[in-house]
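Student: I would like a close look at a single part of this model. Please take me through it step by step.

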Amino acid sequence: MKLFGLADCNNFYCSCERVFHPDLRNKPVVVLSNNDGCVIARSEESKALGIKMGDVFYQVKDMLDKNNVAVFSSNYNLYGDMSRRVMSLLSTYTPQLDIYSIDEAFLDLTGMGDSEQLNIYCKKMVRDITKGTGIPISLGIAPTKTLAKMASKFAKKHKGYEGVCMIDSEEKREKALRLFPVEDVWGIGHRHAKKLAYHSIHTAWDLTQRSESWIRKELTVTGVRTWKELRGESCVSIEELPHKKSICTSRSFSGIGLNKLEDVEEAIANFAATCSRKLRQDHIVCGAMTVFAHTSRFCTNAPQNYIYSNIHLAVPTNDMQEIVANAVKTLREAWREGCYHYKKAGVIVWNTCEDNAIQGNLFDNVDREKQAALAKAIDEINRKNGHNTIRMAVQGYSKNWHLKNEYLSKQYTTNLKDIIVTKI
């Protein structure tokens, strides 16, 4: 029987912070979004206090202080590197590892012994990775990826599973489906859950009892895949999941905003570089871009302006130099002098396709092979020596537009200046 595992890091962002702050184990921790705007990650202790995902920070700050909750700004360099370490260790336990997100990965566990042997093997995997990285993980095992994702939720919720929950029989599958809310099923979500609730479908089991034709009518072909997976038929492949249609990198600026071209230009250059890096990580290219910047719509007594310009590229690309150059050029052309204080700006790359399916242009004068080789070298240098070690000059080093991150922890694993020092 085909068996998949879904390894899920528990409260990943909070767990990353706890690795380097062991005194915070079993204590409430939260991580904030960009600009310290709202809560995006909570430890179990924080959830028990009633802190909700998306709570606005300034509205709950007094409550956090009162309950001695440790607060951290988002430290994506640290989280990315810790994710790489977890995934590297996971890859040693399976012939095939498919990374699904920064804190989740699917494992092929087919043919690794009977249920008892596999359970022992996977519990050892969970212990070893937790010991090796400091990040606790939960592992769900089942004949389909959707059921494996469901099993990982049970493994995380119930300590008696010791981090591993296996759905490997019809009896276990039915029991799990009856206990699992339909809105938590992978591929359903809250939008479809409202429609299903109207039809008296509240659990995953209720969903599986409907006919395929009904599912196809109400939830389309994607819903049919989920329905089949819940019934034990594997039909979802990671490779078949759609790539991102667009990527947006944007930021709200502190205070009254930015009113100098050089400051907004530097921000736009960095946003474009980030979009380019994400495209390469996902092995996709973009055929179009949008650059935008606008003043605060809430500040009615100040001059208002809105920049929104599209660029269509002759050849789809993910090259940093090309994307940054186009973004900066577009901003300069759209810039209007005046007493405008831009409160937010960003870059969107869209019209994407896989990087091995690019439609060329007969009149393209760019050496694409040389361009790709240079980009690969820059990415490798930045990976080894730290984010943005090599950057374009226009990205600058100004702090005028940077994130508000008053609670940022050190970059312990990616910056030599922040490496932990022990005294003996």
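Student: Which residues of strand β4 (residues 70-73) point one way, which point the other way, and are they buried or exposed?

Tutor: A caution to begin with: this is a predicted model. Now to the strand. Ala70 and Phe72 point one way from β4. Val71 and Ser73 point the other way. All of these residues are buried.

Next, the partner strand. β4 pairs with strand β2 (residues 29-32). The sense is parallel, and the pairing runs over four bridges. Phe72 of β4 stands opposite Val31.

Now the aromatic rings. A pair of aromatic rings is described by the distance of the centres and the angle of the planes. The count comes to 14 aromatic pairs. One of them joins Tyr13 and Tyr79. Their rings lie 4.4 Å apart, centre to centre, with 15° between the planes. Tyr13 sits in helix α1 (residues 12-19), and Tyr79 sits in helix α4 (residues 76-90). The pair thus links distant parts of the chain, 66 residues apart. Tyr13 has a relative accessible area of 18%, so it is buried. Tyr79 is at 0% relative accessibility, so this residue counts as buried too. Ring pairs also extend the picture: Phe12, Tyr13, Tyr76 and Tyr79 are linked into a cluster.

A second pair is formed by Phe57 and Tyr407. This one is edge-to-face, at 5.5 Å centre to centre and 80° between the planes. Phe57 belongs to helix α3 (residues 57-66), whereas Tyr407 lies in the segment after α13. These two residues are 350 residues apart, and their pair links distant parts of the chain. Phe57 counts as buried because its relative accessibility is 9%. Tyr407, with a relative accessible area of 25%, is partly exposed.

The segment after α13 (368-385) also holds Asp418. Asp418 is buried, yet has no salt bridge. Lys410 is the nearest side chain of opposite charge, and it is 5.2 Å away. A polar atom of the Asp418 side chain does lie 3.0 Å from the backbone nitrogen of Gln411. Leaving aside neighbours within four places in sequence, Asp418 is in contact with Lys410, Gln411 and Tyr412.

Notes: Residues numbered from 1 in each chain as written. Predicted model: local features only at pLDDT ≥ 70, side-chain atom pairs only at ≥ 80, totals over all residues. Heavy atoms only, no water. Buried < 20%, exposed > 50% of the residue type's maximum accessible area, 1.4 Å probe, protein only. Pairing = 2+ DSSP bridges. Lys, Arg positive; Asp, Glu negative; His and termini not counted. Salt bridge = Lys/Arg side-chain N within 4 Å of Asp/Glu carboxyl O. Polar contact = N/O pair within 3.5 Å; in protein donor to acceptor, adjacent residues only side chain to side chain. Contact = heavy atoms within 4.5 Å. Phe/Tyr/Trp six-rings, centres within 6.5 Å; stacked < 30°, edge-to-face > 60°.
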